[in-house]
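Here is a brief report on aromatic pairing and helix packing. The structure comes first, then the notes.

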Amino acid sequence: MSLSLSGVLFTIGNGYYSTYQLQKNLLIDVSLESNRVYAEKLAHMTESFLENAKSQLGTGAVFVAPMLERKVIQPAELQSGLDQIRNMSQGFNSVSILDRNGVILSISPKFIGLEGSRLSDSITSNFEDSSAKFIGPITGPTGTYLSFLSHPIFSKTGEYIGDLLGTIYLHENRFLDRLLSQHGYVDGSYVYVVSPQKDLIYHPLKNRIGEKVTNNEVINRVTKGQSGSLEVVNSKGVPMVTGYAYVKESGWGIVAQSPRATVLKELDRQLWLVMKQAIPMQILILTFIVGSAYFIARPLRQLAQSTTNRDRTIKIKAWFYEAYLLKKVIRKEIDFLNDKVSRFDEDRKKDALTGLMNRRAMDELVADLVAQLTPFSVIFFDIDHFKYVNDEFGHDVGDDVLKALTRIVSQKINDEGILIRSGGEEFIVILPGKKPQHAIDLAEEIRVLVAQEVIPQIARPITISLGVSNWNHTMEEGDAFKRADLAMYESKNAGRNRVTSRFY
């Protein structure tokens, strides 16, 4: 009986432990992927901002060049032109013009009062090759911690005559605050940005901006140009679940992270609920084992009595049948726990909100297609301005919108492909064996269908931006997804609610 009870208790305990470990790994994997996707999205947005800012400075440099070529420079005209450039470039705290010697000829806003000042050699040395570049972070002439975006100014004859500088104050920049502080994470999650020199150039705690961090593996990786996700203990000794992405334009690293304790906080409560449901059945099983042990021992007692009494007429039933029943009970408990583990494994590959495949299941699907050399097309899309839906109507309505979009697209693609929710408001369609033109046509039909259907919860349609690409055996596995992702962001940058394709 002791052996039987020990075996059952061990099986139950091992089942709970396996369930706990499975759920813990699932939660951490989901959180790592969510933070990675979020960090990459912020990196894309930052990259777009810096590219746009560089383009605006280039236009501004052409605009002010004639003013600097005149024999007598008109300060009022130069100041007016500079004010126009700053108003056009909303991401900069200030914009200034330098001559070829590093002297500030004019600055906007004017109240900063640095006209006539010469920048230090450590700053002007960055302008020696007369090309557009990103500089910083450094401490500026007024003691402000900042970064520059510079663009050279050339005369009509192509002679280098100065630089146009856009300045970002890292402690008080509206763009960084708007982009990085207003995210949807709660419970201790936050975003920070590091420079190539491992200095914090954005952090929710303003007093940490400018701090150098060297004992953090995530920062070591992202400053080398890597992107990905990792569990790490941060510089304050707190275990974190982290996603990170590299911004090529500036060399910045964007890190989105959540405390590991917060990610696992819900797991204990969920495991207790599972135990509450399972304990009555387990008590019943243990009671049955105790009773079975009594009946298993009974024939032995009868045998002992018959030997003592020398009564050869007593018929004793074979005990192995009762042993068979015990085995059957244990098997039932094992099957019960295995069924739960199997369901947990299925849930691991399914998006809880929409019931679609998640990223993990998609990776397995794509691996099978690649192994079988089956060509496929892929469509990336996400909802335009979905943040405004959540802000205006709340996250519950946002969830309803995601479910409605799932229904619309699923009905459209039917059996042609597989719809996957990759995270947030982003979706992917895999079309095995479908040619690129078919994928483009289907993407356009999906776009039109979504834009026409009114979502009852928000009383209006939504729009989506789509990117289309393809894969065949001559390509690397990840190329199709990178190109589809880039195509989707091209759709967004081109005005949204459109389809863009990128094929070899």
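## Aromatic pairs

The whole structure holds 6 aromatic pairs. Rings of Phe, Tyr and Trp (its six-membered ring) pair if their centres lie within 6.5 Å; planes under 30 degrees apart are stacked, over 60 edge-to-face, the rest tilted. F154 and Y160 make an edge-to-face pair, 6.3 Å centre to centre with 65° between the planes. F154 is partly exposed at 37% relative accessible area, whereas Y160 is buried at 18%. Buried means under 20%, exposed over 50%, partly exposed in between (1.4 Å probe, protein chains only). One aromatic cluster is formed by F376, F380, W471 and F481.

This is a predicted model: local features need pLDDT of at least 70, side-chain atom pairs need 80 or more, and totals for chains, interfaces and linings use all residues. Residues are numbered from 1 along each chain as its sequence is written, and side-chain values use heavy atoms, without hydrogens and water.

## Helix α10

Helix α10 covers residues 395–413. Helices are DSSP runs (H or I, at least four residues), numbered from the N terminus.

Buried residues of α10 include V401, L405, I408 and V409. N414 follows α10 with a positive phi, near 50°.

## Packing on α11

α10 and α11 pack at about 140°, with axes 10 Å apart. The pair is therefore oblique. Among the α10 residues that meet α11 are L405, I408 and K412.

Notes:
Helix = DSSP H or I, 4+ residues; strand = E, 2+ residues; numbered from the N terminus. Expected span 1.5 Å × (residues − 1). Axes fitted to C-alpha atoms, helices over the stretch in contact; angles between N-to-C directions. Parallel < 35°, antiparallel > 145°, perpendicular 65-115°, else oblique. Contact = heavy atoms within 4.5 Å.
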